[in-house]
Structure formats: C-alpha cells, structure tokens
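Hi everyone, thanks for coming. Please take a moment with the picture, and then we'll walk through it together.

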Amino acid sequence: MRLNLEGTTPAPEFATGLEWLNATRPVTLADLRGKVVLLDFWCFCCVNCMHIFPELDRLERDFPDELVVIGVHSAKFEGEKDSAAISQAMERHGIRHMVVNDADMRIWEDYAVHAWPSLVLIDPAGNIVARARGEHIYEPFKEAIGEMIAHWDRLGRLDRSAPGLAAPGRSTPGRVLSFPGKLAADEAGGRLFVSDSGNNRILVTSLDGEIQAVIGSGEQGLADGPADAAQFSRPQGMCFDPETGSLYV
C-alpha cells in the first residue's frame, strides 16, 4: 500500500441528518481529531463486504486506543436503506463499531467511492492518506496503521483517550439459536443438524427439536478437534452422508 504518513487532502465532513448506529450521537470528523480513522464503505448484501468484517475486527483489537473504524453503509438496493435491517445485519455479523446509514449515498459520493467494499484511511489531522478496495485488507492496513501511529506519536498529536461516541450494539447472549443458516437430515437416525451460524456451532437435534448434542465450542475460529473444542466461523451449508454417517459442513 502506498502511504503518506501525513495526508494533504482534507477528508470531507460527514453529511448531516443521517442515522448513526452503535453511536451515542451523530459523529463528525472534528470529534475524531488525534485518532487514526478507517472508513469502511459496505452494504449488507455484499459477500465481499462480509469477508472483511473479521479483518476489521482484528485491526480494532490490534489498535484499541488509536484506531476508530466507522462503517458507512451505502445501500445498493432499496431494501438495504432501512436502519432496522442494517442493525440486524450488524448483529448477525458481530459488528461493534459505529455505522452511519448513508441511504442516499451522500458520503459515498463525497468520498468518490466506486465499489463495495472500499476503505479510506484518515490521519489524526483529518486528511486522507490511503484508499483501498476489495478483500484481504488486514496485513497492508495493519502495517500502514502501525506506521501512522508511530509517526503521529512522535509528533505528540496522537490522542489515545476514549472519544465517548460509541454505544453498545444489540446483543442477545445465551440465545439457543442465533441466525441459523441451514438444515441437514439423518432420516435413518431421526436427527436434524442445524448450523447455528450466529453462535458458531452445529446443533444436533431430534426430529421434534430436542437438542441431543452440540458440535463446536461456540468461539469463532477454524480449528479441528473434539466436539466441545472444534471451532467454526459462522457455519452455513451442510451435507449428511448416510452411508458413512459423516456430516460435511
């Protein structure tokens, strides 16, 4: 990634009158001075956008005090403009950062974005320093953000205090099913397999829904192991082979 540690082009201020999710109030760039800001332009029907959510989460965990990620949901279709639908998508994908509903693509146009997902990196002075689009963003942005933090820290212009703008998103801890994705049936054994996608596990039930077993620890990841230790990452499609008794996820 080509990077100037200090940008020369001021980032456009966010359009006013938009609805913010996971935020205590509408946010301005002035609120974020001293922070490294990463804008993620996405829409919830875009599978490529979904693929980078875990990478954004990793970046937030890598730089918890210096980086602010803001999702800009710029709808591709009419049905994606509804804030309630966006909020549900955020819950489904575990998005905890602030998101602005850019329903009429005002921020999209101000930032001259042309594709989902697109990312814009803004320095602590409020200037654009880098742009990218597509997937596999973790490594280049980790390196770029690390360099920016070191540079602005030397200048004494980095703010590590909490901006106090984020509000906790919706959550439903302990729910038996969270956004279940698919079913597979073992007719001879009288069993159903349910991909409990939001809880990162597979449920094995009787035909009347009684839970017989749980496959997966519930922690998001990709790890082999026994049923109580194996990890899935939002499992979806499944296929049961009655000849071998094997379930493919």
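Let's begin with a question: which residue forms a salt bridge with R201? The partner is D196, and the closest N and O atoms of the two are 2.7 Å apart. Keep in mind as we go that this is a predicted model.

Where do these two residues sit, buried or exposed? R201 and D196 are both buried.

Let's stay in that region for a moment. Strand β9 covers residues 191-196 and strand β10 covers residues 201-206, and the two are joined by six bridges in the antiparallel sense. To find one of the pairs on your screen, look for L192, whose bridge partner in β10 is T205. On to the next strand: β10 and β11 also run antiparallel, with four bridges between them. Here V204 is the residue opposite A213 in β11. The hairpin made by β10 and β11 has four residues between the strands, and in it G209 takes a positive phi near 95°.

Now put those strands together. They belong to an open sheet of four strands, in the order β8-β9-β10-β11, with antiparallel pairing. At the edges are β8 (183-186) and β11 (211-215), each of which pairs on one side only. If we ignore direction, neighbouring strands in this sheet are turned against each other by 20° on average.

A quick reminder for anyone new to this: strands of a sheet pair through backbone hydrogen bonds, and they can do so parallel or antiparallel.

Let's move to the other sheet I want to show you. This one is open too, with seven strands in the order β1-β7-β6-β3-β4-β5-β2, and its pairing is mixed. Its edge strands are β1 (9-10) and β2 (19-21), each pairing on one side only.

I'd like you to find β3 in it. How many of the seven residues of strand β3 are buried? Seven of the seven, residues 36-42, so the strand is largely enclosed by the rest of the structure. Both of its faces are covered: on one side you have V36, L38, D40 and W42, on the other V37, L39 and F41, and all of these are buried.

What does β3 pair with? Seven bridges join it to strand β4 (residues 67-73), and those two run parallel. On the way from β3 to β4 the chain passes through helix α1 (residues 47-62), and this β-α-β crossover is right-handed. With strand β6 (residues 118-122), β3 pairs in the antiparallel sense over five bridges. L39 has V120 as its bridge partner in β6.

Next, the helices around this sheet. Helix α1 lies across β3, β4 and β6, and runs at about 165° to β3. Helix α2 packs on the sheet as well, touching β2, β3, β4 and β5 (98-101), and its direction makes about 20° with that of β2.

W42 deserves a look of its own. Leaving aside neighbours within four places in sequence, its contacts include C49, F53, V72, I86, M90 and W116.

Let me finish where we started, with salt bridges. The count comes to nine. One of them joins D57 and R96, with the closest N and O atoms 2.5 Å apart. This pair links distant parts of the chain: D57 is in helix α1 and R96 is in the loop between α2 and β5, 39 residues apart. R96 has 56% relative accessibility, so it counts as exposed. D57 and R96 are also linked with R61 in a network of salt bridges.

The last pair is D31 and R25, whose closest N and O atoms are 3.1 Å apart. D31, at 26% relative accessibility, counts as partly exposed, and R25 is partly exposed too, at 39%.

Technical notes:
Residues numbered from 1 in each chain as written. Predicted model: local features only at pLDDT ≥ 70, side-chain atom pairs only at ≥ 80, totals over all residues. Heavy atoms only, no water. Buried < 20%, exposed > 50% of the residue type's maximum accessible area, 1.4 Å probe, protein only. Pairing = 2+ DSSP bridges. Right-handed = clockwise from strand over helix to strand, strands pointing away. Axes fitted to C-alpha atoms, helices over the stretch in contact; angles between N-to-C directions. Contact = heavy atoms within 4.5 Å. Salt bridge = Lys/Arg side-chain N within 4 Å of Asp/Glu carboxyl O.
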